[in-house]
Amino acid sequence: MPVFYSVVARGTVVLCDYASRSGNFERVTLSLLSNVPRYNTKISYSADQYMVHVLVETPFTYLCIADEYFSKERAYQFLLEIKRRFCAGSIYQRAQNARAYELRREFSLVLKNEMDYISSSRIAQLEGEVTEVKGIMTENIEKVLQRGEHLDILQERSSLLENTAGTFKYSSRRLRQKMWWQHAKLWALLICILLVILIVIIVAIVVATKK
């Protein structure tokens, strides 16, 4: 339950209260009431692992002690509903002069019901948040899986490119070797032709000289 203790007070006089669990809530409340402003306001205090939220509508003070993670907005909504219920009946007039805890028997059930309601609302809110988080996680997992499929495709393409590059490199090396042999054969042929021409010229000169 996010709200553990709630109080309606007149100044420093606690008129009624309700606690959903044991704790030093009354002592904390009594020490705070003497410091609460005497004008209409909303204020929150930190007390140990709790948060104390206060709504002042003079001459009455509506106070609750809640979980530290319980939002201020929802805490003040709770206090406003307590104020509305408190002011709606004849109890409001009686509270003007009531003694300490005189209205506990009559109004504590209202405090309990509102605390139970805010607790069930909180559970519903948490369930909604959990559902939303689960949806986001599911979506993220699907994206990761899709990304994994894309990575597999990229890996296949990379392997294909690597194999193609290897084949191209091998073919290029063989082509270079083939071209080199062709050039070598061409040069050998040219040298042979030049040698033949040179021999013919030498023979012709020798024959002419003998004549």
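Which residue in S5 stands opposite serine 6? Cysteine 64 does.

## Basis

This is a predicted model, where local features need pLDDT of at least 70, side-chain atom pairs count only at pLDDT 80 or more, and totals for chains, interfaces and linings use all residues. Residues are numbered from 1 along each chain as its sequence is written, and side-chain values use heavy atoms, with hydrogens and water left out.

## The sheet

Five strands make an open sheet with antiparallel pairing, in the order S2-S1-S5-S4-S3. The edges are strand S2 (13-19) and strand S3 (41-47), and each pairs on one side only. Neighbouring strands are turned by 15 degrees against each other on average, direction ignored. Strands (E, at least two residues) and helices (H or I, at least four) are DSSP runs, numbered from the N terminus. Two strands count as paired if DSSP finds at least two bridges between them. Axes are lines fitted to C-alpha atoms, for helices over the stretch in contact, and angles run from 0 to 180 degrees between N-to-C directions.

Strand S1 (residues 3-10) pairs with strand S5 (residues 60-67) over 7 bridges, in the antiparallel sense. S1 also runs antiparallel to S2, joined by 6 bridges. Here arginine 10 has valine 13 in S2 as its bridge partner. S1 and S2 form a hairpin with 2 residues between them. Glycine 11 in that turn has a positive phi of about 65 degrees.

## Helix on the sheet

Helix H2 (residues 72-88) lies across S1, S2, S3, strand S4 (50-57) and S5. H2 runs at about 40 degrees to S4. Contact here means heavy atoms within 4.5 Å.

## Backbone details

Threonine 58 and proline 59 are joined by a cis peptide bond, with omega about 10 degrees. Proline 59 sits in the loop between S4 and S5.

Tyrosine 101 is not a glycine, yet has a positive phi of about 65 degrees. Tyrosine 101 is in the loop between helix H3 (91-94) and H4.

## Salt bridges

The structure holds 6 salt bridges, each a side-chain nitrogen of Lys or Arg within 4 Å of a carboxyl oxygen of Asp or Glu. One of them joins the side chains of aspartate 17 and arginine 104, at 2.8 Å from N to O. Aspartate 17 lies in strand S2 and arginine 104 in helix H4 (residues 104-210), so this pair ties together parts that are 87 residues apart in sequence.

## The cavity

There is 1 cavity of 30 Å³ or more. On a 1 Å grid over the protein atoms alone, a cavity is a set of points where a 1.4 Å probe fits but cannot get out; lining residues have an atom within 4 Å of a point. The largest cavity holds about 40 Å³ of space, with volume taken as the space filled by probe spheres set on the points.

Its lining includes Asn24, Phe25, Val28 and Ile65. Helix H1 (25-33) and S4 each supply at least two lining residues.

Note on methods: 1 Å grid on protein atoms, 1.4 Å probe; cavity = no way out; pocket = protein on both sides within 12 Å on 5 of 7 lines; lining within 4 Å.
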